[in-house]
Amino acid sequence: MHAELEAEREHYDDDHSALSTSSSFSSTSSSCSVPFSFSPALTAGPPWRHVEPNGDQDHYSSVAGFGVTGLTFTELDWTTVEHRFDRLASTRNVPEPVVKWSDFGYCVGIQRSPEISNEILKALRGRRECKVDITKKELHRYWLRMTDPSINYRIQLFFDMIDRNMDGRITEVDIKQTILMSATANKLSVTHEEAEEHAGLVMEALDTHHHNQGYLQAPQLESLFELSMPQGSSYASNVQHQNGLYQEPISRAEIMFRSYWRRGWIILFWLMICVALFAWKFIQYSHRTAFQVMGYCLSTAKGAAETLKFNMAIILLPVCRNSITWLRKNRRISSVIPFNDNINFHKLIAGGIVVGVILHGGTHLACDFPRISGSDSSIFRQTIAASFGYHQPSYIQILATTEVATGIAMVVLMSIAFSLATKWPRRQSPSLPRSVRQVTGYNTFWYSHHLFIFVYALLIVHSMFLFLTSNVTEKTTWIYIAIPVLLYAGERIFRAVRSRFYEIEVLKVSFYPGKVLSLKLNKPKGFNHKGGMYTFLQCPQISPFEWHPFSLTSGPADDHLSVHIRALGDWSYQLYSLFQEAVLTGAKELPKIYIDGPYGAASQDYIKYDIVILIGLGIGATPFISILKDIANGLQNTQLDQVCSSQKGPLKAYLYWVTREQSSFDWFRDIMKEISKPNLKQSVIEIHNFLTSIYQEGNVRSALISIIQALYYRKTGIDIVSRTPVRTHFARPNWLNVFSKLARKHRGARIGVFYCGPSGLARELARLCTKFSTKTNTRFVFHKENY
C-alpha cells in the first residue's frame, strides 16, 4: 500500500542482532484499563539472557545476579572458536600455531567491535604487551575466563576492561571512554558532553554511597547492576509458568478456515465463473461447422476468449478505491468480502488473464490458423469459406487481418505492463542488470500500467472483427467491460475533481534523518478519515499525472493532516529535494501539493478488536501512528467512569516498532511525547521500541549503555536512546516470547495483529498467529498492509 516502502529493504536480520530478545509485559490484566504508562525495557523488558518460561527462576531471584549472570563476552562455544583459530593459524618460524593479536576479535566472535575486543584482550593479559601473537592454548584460557560461570570472574573481567591503568580503580574518565567506545560499537550518537554527563550519573549513583572517593572499585560493580534495575523489580516476577496456557485447543484446519474463508469463497466463486464460461463456449463451438476444420483448438480458443472478456472486466473493480472504501463501511458486506485483499485479487485476475491469453492466442497461432490455411479446399468451401470472402487465406494473410493484428498488439502491450508490474522491476531489485534497473522502478510501473487504456480500445476493435460470426449478439465484449470501465473512469474523474476542490496549504515542513520529510497540511472541509487510512499525494512540479499513496500520521480528531515520507524512490527523492530547496532558500511559496482520499486500509480494522498488536518495521510504523493518536484522543475525551462502559475501540493496544537506526526515533519523537503526556498507573497504550543496531542486553558491548539507560530513565523519565518517555529495547524482539506472554495475559481474547513491513517477517508472524491460535485459547488474527 505504501509508496514510501516501495524500495524499502529493512535489514531486519542485522549482524548486530544475531540473538533475539524477549519482551515481557505487566502481569496485571483487566477488562477495563485507564491510560497510560509505557513499559520500560528493564521494568518489563527483555532479559539479558534468554530464559524459557519454565526455566530456572531461582538462578535469577537476585537482582544483582540477574545483571552479572546475563553479562556475556562471547556467544561462541569452544568448538567454533577453535575452528576459527585453525582457519587463521600460522606456523611460520614458530614452534606451534598462532594467530595475530588483531585476530582475537574474530576468533571469539566480536570482530565487528575491534576497540572493545582489544580492550578485552588487554584486560585478559593484565594490560601487558597486547600486540603479541596468540597460541591456541592461550586462546582457550582466555575463552574460559570470558565464559566462566563465576560471578566474581565476570565482575572482575568487566572491571578490568574499564580500568585501563590497572590500578584497581575506575574513574569518571574511564567510564566516559568506555561509554564512547560502546556507543561506537552500537552505532549510537553520543557526544562527549553527553558521555561526560552519563559518566557523572554513574559516579553519582555509586560514589555517593562510598564517601565520594572519586573512583569505583570492583565490589561496587554488583551494586551498579543492582541500581540499574527499577525498584521492586526482578526478572523472577516476570517469568511465569505456562500452566493453564494450553487450553481449549483448536484444530489447524479450523484456524485456516476462520482466517481464509472469505478469501477462499471469493476465489472459488471466481474460478467457478471462469470454468462455466469456458465450458459454455467450448461446447457451443464444438457443434459448429468450423469445428470440422479446426477441431478442439477452436473450442479451446473460444472458451479462453470468454474468460478473457470476464477477467478484463473485473480486473478494474479491485482498484476502484473509492467504491471499496465506501463498501467496507458496511459491516455486513465487509464481513464476507475481504476488501483488504483487493490488490492480491487484482494480481490473481491478472494471472487468469495471462493464462487466458496463452490459451486463446496460442491455440489460434499454433493450431487454428495453420489448419485454416492448410485445410482441404472442398471442406473449407463447405464450412467457413463465407467468413473469409470465399478465399482461402495463407497463414501470413491471416496474421495481417484486423482481428489478429489488434490481438497481437494487445499481447505486446500487456506483456510490457505485466512485466514492469512484477516485484523486481517495480522495486529496481539489485539482482537485475544495471542497464535494466535504469529503465525500471515505480515510475516506469506507473506509466506502463496506463498502457491498458490502449489495450481496452484495441479490445473493442478486436471484438468487432470476428472471423466466424457476423451476428452482433455474439460480439459481447462491450457488455462485459462497459460497467467496470465506466465505473473506473468515473472514479478517476471524481478523484481529479475532488483533489482540485480540496484547498491544501502546507502549514509546516520538517526534515528528519534518513531523508524523511514530514508535511503538516491544513485539513480540508469534508475530509474525514479514520485511524490507519491513507491518502494519495501529487506534486504538479514533479508530475501532473503521478499520485502516490502515503499513510496519514495525524489522528482523526486533529485539525490538520500530516504525512511522513521517506525518500526511497524517484518521486519521493524529488519531493524531498523540492521542499528542502524551498526551505533553505526561504522561498515565499512552498511547492504545491494536491491530496486525494482518504482511502481504507487493513489497519483500519483495528476498531473491531478489544486487543490490538501493531508491528511496524522502519517507516512501516506510519499507519499505526494515527491509530495510537486516535486511541489517545478518544481516551482523553472520555470521562474516567465511562471508559469501561462506553468506550469504542481497543481496550489495550501494543505498538512494536523495530528500526535499525537511532536517528529513526526522530521521525515520531513529538508524536511519542504527545501520546505519553498522561501518566496514570495502568496503561491502555504500551509502546515497545526496538533498535537492532544495539547488541542484545547483557552483551559486554551494550552492558554499560543498558545500565546508564536505566539510571537516566529513573532520574529524568527520558530514554537516552530514543530521547522520549518510551524505553528502547536492544536488538530484535523474540516474537515467540512476545506471543507467548500475550496469550497468557489475554487468555480467551481475540487479538488483532497488524503488520506493515517486509514480507519475510510477515510470514513468521502469520505462522505464530496460527500456532498460538491452535495451541492456546487466545485467538490471533493477522492483518498485513499491502504495498
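This is a predicted model: local features need pLDDT of at least 70, side-chain atom pairs count only at pLDDT 80 or more; totals for chains, interfaces and linings use all residues.
The largest nonpolar core comprises 86 residues. Within this core, the residues that touch the most other members are Phe104, Ile120, Leu139, Phe158 and Ile175. The surroundings of isoleucine 120 can be described in detail: neighbours within four places in sequence aside, isoleucine 120 is in contact with Phe73, Phe104, Ile110, Met146, Met161 and Val700.

Three strands form an open sheet in the order E6-E5-E8, and their pairing is antiparallel. Strand E6 (548-551) and strand E8 (594-599) are the edge strands, each pairing on one side only. From one strand to the next, the twist averages 30°. Strand E5 (residues 534-538) is joined to E8 over 4 bridges in the antiparallel sense, and isoleucine 595 in E8 stands opposite leucine 537. Across E5 and E8 lies helix H24 (residues 477-501), which runs at about 120° to E8.

Aromatic pairs are the next topic. The whole structure contains 26 of them. In one of these, tryptophan 78 and tryptophan 143 adopt a tilted arrangement, with 5.9 Å centre to centre and 50° between the planes. Because tryptophan 78 belongs to helix H2 (residues 78-88) and tryptophan 143 to helix H5 (residues 136-146), the pair ties together parts that are 65 residues apart in sequence. Tryptophan 78 is buried, at a relative accessible area of 16%, and tryptophan 143 is buried at 14%.

Another tilted pair is formed by phenylalanine 739 and phenylalanine 780, with 5.1 Å centre to centre and 55° between the planes. Here a helix and a strand are involved: phenylalanine 739 lies in helix H30 (residues 735-745) and phenylalanine 780 in strand E14 (residues 779-784), so the pair ties together parts that are 41 residues apart in sequence. Phenylalanine 739 counts as buried at 1% relative accessibility, as does phenylalanine 780 at 5%.

Aromatic rings also occur in other arrangements. Phe278, Phe282, Phe291 and Tyr296 are linked into a cluster by ring pairs. Two tyrosine rings, moreover, have an arginine over them: arginine 288 lies over the face of tyrosine 285, at 4.4 Å from the ring centre, while the charged end of arginine 701 sits over the ring of tyrosine 695, 3.7 Å from its centre.

Terms used. Residues are numbered from 1 along each chain as its sequence is written. Side-chain values use heavy atoms; hydrogens and water are left out. A nonpolar core is a set of buried Ala, Val, Leu, Ile, Met, Phe, Trp, Tyr and Cys residues joined through side-chain atoms within 4.5 Å. Buried means under 20% relative accessible area, exposed over 50%, partly exposed in between (1.4 Å probe, protein chains only). Contact means heavy atoms within 4.5 Å. Two strands pair if DSSP finds at least two bridges between them. Helices (H or I, at least four residues) and strands (E, at least two) are DSSP runs, numbered from the N terminus. Axes are lines fitted to C-alpha atoms, for helices over the stretch in contact, and angles run from 0 to 180 degrees between N-to-C directions. Rings of Phe, Tyr and Trp (its six-membered ring) pair if their centres lie within 6.5 Å; planes under 30 degrees apart count as stacked, over 60 as edge-to-face and the rest as tilted. A charge sits over a ring if NZ of Lys or CZ of Arg is within 6 Å of the ring centre and within 35 degrees of the ring normal.
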